[in-house]
Amino acid sequence: MALHIVSEANRCLQCKKPLCQQGCPVHTPIPQMIALFKEKRMMEAGKALFANNPMSLVCAIVCDHEAQCTGHCVLNHKGQPVHFYEIEEFVSDAYLDRMTADRKPWNGKTAAVIGSGPAGMTVAFILAWNGYGVTIFEEKDRIGGMLQYGIPDFRLPKSILDRYKQRLLDIGVRIRPHVVMGGDLMIDNLFRDGYSAVFVGTGVWRPTTLGIEGETLANVHFGISYLARPISYTIGETVAVIGMGNVAMDVARTAFRHGARRVMMFQRGNKSPASEHERQYAQLDGAEFFFGKSIQRITPKGPVFRNSVLNEQGRPVGVEGEEELVPADTVIIAINQGPKDKLVNTTHGLEATERGLLKVDENNMTTRAGVFAAGDVVHGSLTVVHAVEDAKRAAAGMMRYMENG
Ligand SMILES: Cc1cc2nc3c(=O)[nH]c(=O)nc-3n(C[C@H](O)[C@H](O)[C@H](O)COP(=O)(O)OP(=O)(O)OC[C@H]3O[C@@H](n4cnc5c(N)ncnc54)[C@H](O)[C@@H]3O)c2cc1C
Ligand code: SF4
């Protein structure tokens, strides 16, 4: 690995206008990082990576590199882009355990962070480094959000999140697991108890349903619930996955690792919204793709489809032909997720869009003064690096708000 990344670093042209950096949603200073790496100034490189993106190690592993840094490298013209993310993974992995607990002295103000996904962790790191007290309130027992309970372990080892947790504790962040904000406690309770600002990074955890007959049957499950704890499910040998996005690909690959012998994936249109990379891995694992199939209902013996009528763009506009039962032991629905509405329903002044996503201004402040939000709960299901980028803006907004408050 080391030899490989050294040769990757040596191929970098140190462009004056680095397209790779422009292609990265958090604008990682890639040429500078590669220069520090080549000079073996690893800890400086790691510190700069984390200062720009506290989720650097996670991003290096799970970002869609082909669409972002690697895909924008000028050497793509020659078909040989620099794979910076491999260097980033190496540097970040080394730095995470040796990170110094640098933080400014406590400035007397404490913020509450609701949700410990990448958005919440990013805000917690930035506020703590800048001298703010931080308490994270997390509904689950472990931190990480979808990194912990969505992305499977074979793609992102969970031990990374334990290391992140330790670094948060090292800089004085307090974590309260098993607290449902908007259920056990309310946002108003936080202001009552002296928190100067609140961050909401609660993501999207409500599976989108199909709204068809059979969805409550015993052989039907939701993809994100399945991924949270696959060993709780008995799925049999033949699995039908409804949907072909990135989450559906993880469902299919996880099913193969938990007893499935055949996994079929179904999409209404003629394209899969998943990244090329994820599609290829699912196919390599053995997933079979079926396009132009509109699900009609689900039976105890499997899903029933009709063929989709597609428009010129390949989108479904109707159905045709006879119904077809596809025999399967289990049907897993993985079409999308939306936010749960606990916080909106219990917080005075907090407004959401029709989809239930929180409305924010240019500083990521919600319609309730002092309450900020970022990540999937604002934009719907996106990516880790987009959650980080958004959370950085929210953290900056919170610090301005608390300084003036
Ligand atoms: C299966 C799957 C695979 C994915 N693969 C990738 C990938 O390869 N690359 C990529 O970049 N992105 C991927 N994503 C998307 C990425 O994980 C999300 O975009 C990202 O995690 C969003 O971060 P977040 O902090 O906004 O929310 P989340 O990660 O969803 O975290 C929200 C946190 O808030 C907590 N919470 C919710 N409600 C409450 C409450 N009321 N009180 C207290 N706590 C609460 C939750 O328990 C959770 O810990 C994937 C998502 C899934 C589901
Ligand atoms: S954060 Fe993601 S997109 Fe940006 S350089 Fe790192 S791996 Fe590439």
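Trainee: What should I know before I start?

Mentor: The model is predicted: local features need pLDDT of at least 70, side-chain atom pairs count only at pLDDT 80 or more, and totals for chains, interfaces and linings use all residues. Residues are numbered from 1 along each chain as its sequence is written, while chains are lettered from A and ligands numbered from 1 in the order in which they are written.

Trainee: How do I read a pair of packed helices?

Mentor: Two packed helices are described by the angle between their axes and by the distance between those axes. Helices (H or I, at least four residues) and strands (E, at least two) are DSSP runs, numbered from the N terminus. Axes are lines fitted to C-alpha atoms, for helices over the stretch in contact, and angles run from 0 to 180 degrees between N-to-C directions.

Trainee: At what angle do H8 and H17 pack?

Mentor: Helix H8 (residues 118-129) and helix H17 (residues 384-404) meet at about 40°, with axes 8 Å apart. H8 and H17 are therefore oblique to each other. Angles under 35 degrees count as roughly parallel, over 145 as roughly antiparallel, 65 to 115 as roughly perpendicular and the rest as oblique. The contact of H8 with H17 divides into 12 nonpolar, one polar and two charged residues. Here Ala, Val, Leu, Ile, Met, Phe, Trp, Tyr, Cys and Pro count as nonpolar, Asp, Glu, Lys and Arg as charged, and the others, Gly among them, as polar.

Trainee: And how are H13 and H14 placed, parallel or perpendicular?

Mentor: The angle between H13 and helix H14 (residues 276-285) is about 25°, and their axes are 9 Å apart, so H13 and H14 are roughly parallel. By class, their contact has five nonpolar, one polar and four charged residues.

Trainee: How do I read a sheet?

Mentor: Look for the strand order and the pairing; two strands pair if DSSP finds at least two bridges between them. One open sheet has five strands in the order E6-E13-E7-E8-E9, with parallel pairing. Strand E6 (220-222) and strand E9 (288-290) are at the edges with a single partner strand each, so one side of each has no neighbour in the sheet. Neighbouring strands of this sheet are turned by 25° against each other on average, direction ignored. H13 packs on the sheet, touching E7, E8 and strand E13 (330-333), and its direction makes about 170° with that of E8. Contact means that C-beta atoms, placed from the backbone, lie within 7 Å.

Trainee: Which strands form the open sheet of three?

Mentor: That sheet has the order E10-E11-E12 and antiparallel pairing. Six bridges join E10 to strand E11 (residues 302-310), and the E11 partner of threonine 299 is glycine 302.

Trainee: Which residues come nearest to ligand 1?

Mentor: A residue is near a molecule or strand if its C-beta atom, placed from the backbone, lies within 6 Å of it. Of the 42 residues around ligand 1, Gly115, Gly117, Gly145, Gly203 and Gly375 come nearest. The shell around ligand 1 divides into 22 nonpolar, 14 polar and six charged residues.

Trainee: How many residues surround ligand 2?

Mentor: There are 15, and the closest are Cys24, Cys59, Cys63, Gln68 and Cys69. Helix H5 (56-62) and helix H7 (84-98) each supply at least two residues of this shell, and H7 gives the largest share, three residues.

How values were computed:
Two residues are in contact if their C-beta atoms, placed from the backbone, lie within 7 Å.
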